[in-house]
Structures are given as C-alpha cells and as structure tokens.
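Subject: The structure you asked about

Hi there,

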Amino acid sequence: MSISFWTELREKLAADPQRPRYHFLPPANWMNDPNGPLFWKGKYHIFYQHNPYAAFHGGRTGTMHWGHAFSEDLVYWKHLPVALAPTPDGPDKNGIYTGCAVDNSGVPTIIYTGVSPEVQCIATSNDDMITWKKHDRNPVIDSPPKDLEVTGFRDPCVWKEKDDWYMLIGSGIKGIGGTCLLYRSKDLIAWEYLHPLCIGDGKNTGDMWECPDFFPLGNKHVLLVSVLRRRWNPCFIGEYIDHKFQPRVQRNLDLSGNLDIGGCFYAAKSMADSRGRRILFGWILEGRSASAQWASGWSGVLSLPRMLSLHEDSTLRMEPVTELKVLRGKHYQYKNLHVTTTSSSLLKDIQGDCLEIIAQFDPEDAKEFGLKVRCAPDGTEQTLIFYNNASKSLNVNRERSSLTPEVNQYEQGGPFELASDETLKLHIFMDRSVIEVFANDQVCLTSRIYPSRTNSLGIGLFARGGSVKLKSIDIWEMRSIWE
Ligand code: FRU
C-alpha cells in the first residue's frame, strides 16, 4: 500500500465524527481482544488482536497480529510497532491469536495461541518489549489432552506460584460445557497437563470459554471468561484450593456477575500494577454493519481501564481508574432538580459528544428514569440511558440514536436491582460512538451509538410513570488523548 493511501486514511480517520477521542484504539484498521496487559518497568503495556491492513478480522487467513502500545498513566497511550506477525510456514501461519505476557525473571515473555490448528507458542524480548523473538521450540503445546473432546484450545493465561508456572487454556468439553484446562511448567517451555480448573454448565454458561483471566482479588480468586457466540463475560468468584477452583455463584447468575450487561464488551483481560491495583480492559465491539466498518477504515476500541475490587459481600466492584480525571475540562453542575413526566427540556448550555457525566438519582416513584444523550434539537435523534424500576434493570435505548440505517437499534441492558432506599449513581463516559456506564460501581453497561446529525449533542433528563429527584449532576467536557 502506498504512502498516499496511508496519508489519506489517516486524514479520513482524523475527520471521522464517530471515532472516539479518549479511548485507546489502533492507528487504523481492526482491533479485537486486549492481549497480554503487563506492567513493566513503570509502564502499562497493552497488546491487542490487530489486523493492521484492513478493518475486518479475517478469521484464520493470517490477518491476526499483536498490536502494541504503552502508557505511563493509563490515559495517554503511545503506539509501538506491531509486536507479533504470523510466520509463513510456522505454527502461527494463519494468525497470532489471544494470550498473555509475563515477567520471567526479567525477561518479558508472551504466551499466545498460534493457528491453525490451535497450538500454544511463546516469544521473548530483550529490548524492553520493542521487538520479539519467537522460540525455536514453538509450539510449546501442540495439541489438547488426548482423552478430551474439546470445543477449542486457545487464549493462554499464565501466572507463577512459587517455582512453578501455571497456564489456563480456554476450552470446552463437548456435550458438557466451557472449561479452562490447567497446565504446569518449570520453564514456560515444557508443559504438563493437570486437569480442568473447573467446568461450566453448558446450558447456562456456554460450551466454549475464550480468553480466561484468573487472579487473586481480596481473599478470593476471580475467573473471567468470554462465552463464544454469546458475547458475554461471566465473572466467577470463589476459592482456589489444590489447583482447583470452586466458584461461588454471584448475584444474578444467569448473567453470572456478567462483567458488562451491554453486549458490546468482550474478551476482558487484567493486569496488576505496582500499586497493587487490578486493572481490567475489554474489547468494545462495533454496533454498525461490517460494510460500514470496512468503509470507515477502523473497527474496535479498548474500554477505559476499570479498577476491580471485592466488596465485603464478596461481589465484584468496578470503577474507572482515577487517572482519567486529568482529561476533565470545562465543568457544569446542577443540583436538586425534580424530574417529572412533563419535564422534558434539555439541560441548557450543555452540549457534547465527549463528556463525562456523574448523575445521582433518588428514585421516588418513577417507573423509568434517566438521561437522554446525543439529542438533536428537534428530537429526531436521541439515546436513553435509564433505570427501569419495574423490571429492575439498567438499559440503553437506541431506537432513535441514529437516522443512519446501518447501525444496531435494539435496546441493551440487563438486571440491576436497587435496594428500596438505595440511590442510583450513573457514571457515564461518552466518547463519540462509545458509551460506558458504571452504575453504583456494581454494574457496567457499554454501548455503541452513531448519531448522524452534527447537532445531536444535547443532554436531558426524563422520568416516566412518576417522578425522580436528581440530587446532582456533574458534567465535564473531556479532552482528547491524541492531541
Ligand atoms: C475472542 C477470540 C479469541 C481468539 C481471538 C482471535 O474474541 O475469538 O478466542 O484468540 O478472538 O482474534
């Protein structure tokens, strides 16, 4: 591809009103899963599934690479050269799939899945993670255990316990359910299969678990998996004893303590940093047609970093990292507004497509209440972010988000129950086509919207079937991380 092709593409991307400004995304083209997040020598490194040549995934045709970037503060990111590309005739000739990165006594090491077939490979760096060398003995695991009929065998997650390395591989046992297969090694090269860490019930939690992530949190262990074809991320919290995991079922187990109820967030991976924080990233999927992605020249966004913690009742809490506050610009605040079915006007003076919003509601008797965002002055475009008190759910209604035909319009959301005297804090990050909502730090909902009108920038409040008290709303204009 010629220089003028790339120059034109860059100009097109810079002018695209749907392209987020403070979420990380590749310089151009496709990304999906975050891979191998690693805190290394004071910097946060993130890799990601990347097709550097076009805005589509490409399956097992050798399109998948590992993109790479780092940040000193989890806010501003710098792109680095592509870390891994398929080797023609190598075990990863059809693609470098998802995996993890570890610090092996000072040697940064990537463990990833090569396709096809699905095999596990490693690569190391001796120049602080700029270039990577694949190991001569790849693949280090060339097939699943012989006595198991598996639905997949990919996305290694590796950690160390005393002198031994352990690896989980995302898998499923045919006819039974999703699982993670546990292996052990002394040197990251010779691996011994032990047993499944735990096995899910296929009917509830799917028959193939991708992208496992396993780590201690508080006095428990957390297993995150991504369920193939369902685009959701169960989060299991439980005890890790004798190298087996006993998940304790979390509130709302149909969604199993789903990490994000929007259906646009997938393949989450976490890292521990020097402050002992557990920080999670996910892939934010598009909500527009494949042809629209292809035509725009980009697809896929990384979620904002979410800090995980364990509440005293052993359920998960998720908060945006505090570092993001540096992006806050002009601030607006309103207090003590009474919102009724008839108060439908927009908040005066506030307009924007890159905003952070913190709204605190006292529910009163409204059946539904929340915010309207990206509203056109005449109401032809608008998106509703709201709590439904009857169904006890948090939702995003996109029916009128966009006049463009090639975008998803279905409502997103899921269970979220407020206790009778509980107030609702909606912490919302709007970044052009991305919406990330944190509700009481308990439930996250990520959504995509693509308003077509340049003046769809208004913000309002609404209530249906009763009233709600808005205790306060704080809104900040957000800066771009790329300028
Ligand atoms: C999850 C996933 C992984 C796989 C990767 C390929 O989105 O399907 O299981 O390694 O994407 O890009």
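His338 sits in strand S23, which covers residues 328-339; strands here are DSSP runs of E with at least two residues, helices are runs of H or I with at least four, and both are numbered from the N terminus. Leaving aside residues up to four places away in sequence, His338 touches Ser343, Glu364, Ser467 and Val468, where a contact means heavy atoms within 4.5 Å. His338 and Asp362 are 24 residues apart in sequence, and their C-alpha atoms are 9.8 Å apart in space.

Before you go further, please note that this is a predicted model: local features need pLDDT of at least 70, side-chain atom pairs count only at pLDDT 80 or more, and totals for chains, interfaces and linings use all residues. Residues are numbered from 1 along each chain as its sequence is written, and side-chain values use heavy atoms, with hydrogens and water left out.

Now for the chain as a whole. It has 3 helices and 34 strands. Its radius of gyration is 22 Å, close to the 23 Å that the globule rule gives for 483 residues, so the chain is as compact as a globular protein of that length. That radius is taken over C-alpha atoms, and the rule is 2.2 Å times the number of residues to the power 0.38. Along the principal axes, the C-alpha atoms fill a box of roughly 70 × 55 × 40 Å.

Of the 483 residues, 60% count as buried; buried means under 20% relative accessible area, exposed means over 50%, and partly exposed lies in between (1.4 Å probe, protein chains only). Among contacts with a separation of 6 or more, 59% come from residues 24 or more positions apart. The accessible surface of the chain is about 19100 Å², and carbon and sulfur atoms hold 51% of that. This area comes from the Shrake-Rupley method with a 1.4 Å probe, and for residues only the protein chains shown count as cover.

As for charge, the chain has 53 positive and 57 negative side chains, with the centres of the two sets 1 Å apart. Lys and Arg count as positive and Asp and Glu as negative, while His and the chain ends are not counted; each charge is placed at NZ of Lys, CZ of Arg, CG of Asp or CD of Glu.

Next, the aromatic rings. The structure holds 25 aromatic pairs. Rings of Phe, Tyr and Trp (its six-membered ring) pair if their centres lie within 6.5 Å; planes under 30 degrees apart are stacked, over 60 edge-to-face, and the rest tilted. One of these pairs is Phe214 with Phe245, which is edge-to-face at 5.3 Å centre to centre and 80 degrees between the planes. Phe214 lies in strand S13 (residues 209-217) and Phe245 in strand S16 (residues 244-248), so the pair ties together parts that are 31 residues apart in sequence. Phe214 is buried at 6% relative accessible area, and Phe245 is buried at 4%.

Phe369 and Tyr387 make a tilted pair, 5.8 Å centre to centre with 55 degrees between the planes. This pair links distant parts of the chain, with Phe369 in strand S26 (residues 368-375) and Tyr387 in strand S27 (residues 383-388), 18 residues apart. Phe369 is buried at 0% relative accessibility, and Tyr387 is buried at 1%. There is also an aromatic cluster made up of Phe24, Tyr48, Trp77, Phe281 and Trp482.

Beyond residues up to four places away in sequence, its contacts include Cys180, Cys211, Trp209 and Trp232.

Finally, some backbone details. Most residues other than glycine have a negative phi, and most peptide bonds are trans. A cis peptide bond joins Val115 and Ser116, with omega about -15 degrees, and another cis bond joins Asn138 and Pro139, with omega about 0 degrees. Asp89 has a positive phi of about 70 degrees and is exposed, at 77% relative accessibility. Asp155 also has a positive phi of about 70 degrees, but Asp155 is buried, at 3%.

Best wishes
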